[in-house]
Each structure stands twice: as structure tokens, then as C-alpha cells.
Amino acid sequence: MNPFTEKVVLAIQSIPPGYVMTYGQVAAAAGNRRGARQVVRVLHSMSVTHNLPWHRIINAKGGISTPVDAEEKGNRQRQLLESEGVQLSPNGTIDLAIYRWLGFEGDEE
């Protein structure tokens, strides 16, 4: 596993229940501010293997990002977040001022 991928895994594993991080925030914490798409790749390929809390990763606007044909996964993510106490607004966004996890200290400058 390359160092960036390892740091992405550690960042995602560090998020406690009831909190979220954005794709870009994870990428920056892992040392590559422009690596949000790589975070998506890690989530897609390693969530099961590394038991990653994939549902705690959201987009920069505080929303759940799922493809149009994956509505069921978006609903599952919403259920998992709500079961941890994360409240979503009526339009489906999460207040990052309340629920953003800032506790992981990777290579952010």
C-alpha cells in the first residue's frame, strides 16, 4: 500500500461515530489536497477489506454523493449516519460546522 493510501485509510478509520469528513478533507489530511478522487477509489476498493466507515465520508457541500443508479446506497448511508446521531437537513445535507471531524492530523499544512 502506498503512503497516501495508507494515510487515507488511517484518516477514515479515525472518524468516530457521529462525525463526518469530506473527500477533500481526507485527501488533504493524507497529504494531497487534490486527491479527493483517490479517496473515492480507496473507499470503493478497500472499505470491506479494512472495515472502513465509508458512510462517514461526504461531499464538500455536506451531502451524500451517490450515483443516480445507487439511490439505495445513499439511503443506507443516510440511515447509518442518522443511527449515529448525525442529523440531516430536509434537503439532505449535514451541517459541517457541527458534525465535521477535525481530529485526524495527517500531513495537512
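Q: Which residues of the largest nonpolar core touch the most other members?
A: Val8, Ile12, Val26, Val39, Leu43 and Ile57 do, in a core of 19 residues. A nonpolar core here is a set of buried Ala, Val, Leu, Ile, Met, Phe, Trp, Tyr and Cys residues joined through side-chain atoms within 4.5 Å. Buried means under 20% relative accessible area, exposed over 50%, and partly exposed in between (1.4 Å probe, protein chains only).

Q: Which elements give two or more residues to this core?
A: Those elements are H1, H2 and H3. The largest share, five residues, comes from H1. Helices (H or I, at least four residues) and strands (E, at least two) are DSSP runs, numbered from the N terminus.

Q: What does Leu43 touch?
A: Leu43 touches Ile12, Tyr23, Leu52, Trp54 and Ile57, not counting residues up to four places away in sequence. Contact means heavy atoms within 4.5 Å.

Q: Before we continue, what kind of model is this?
A: This is a predicted model, in which local features need pLDDT of at least 70 and side-chain atom pairs count only at pLDDT 80 or more, while totals for chains, interfaces and linings use all residues. Residues are numbered from 1 along each chain as its sequence is written, and side-chain values use heavy atoms, with hydrogens and water left out.

Q: Which residues of H3 are buried?
A: In helix H3 (residues 36-46), the buried residues are Val39, Val42, Leu43 and Met46. Seen down the axis of H3, they fall within an arc of 105 degrees, so they line one face of the helix. The arc is that of the directions from the helix axis to the C-beta atoms.

Q: What do they pack against, and what is on the other side?
A: The buried residues of H3 pack against helix H1 (3-14), helix H2 (23-29) and strand S2 (57-58). On the other side of H3, Arg37 and His44 are exposed.

Q: Turning to the backbone, what is the phi of Asn51, and where is this residue found?
A: Phi of Asn51 is near 50 degrees, a positive value in a residue other than glycine. Asn51 is found in the loop between H3 and S2.

Q: Is Asn51 buried or exposed?
A: Asn51 is exposed, with a relative accessible area of 67%.

Q: And the overall fold: what pattern does the chain follow?
A: Read along the sequence, the pattern is α-β-α-α-β-α-α, which comprises five helices and two strands. Of the 109 residues of the protein chain, 40% count as buried.
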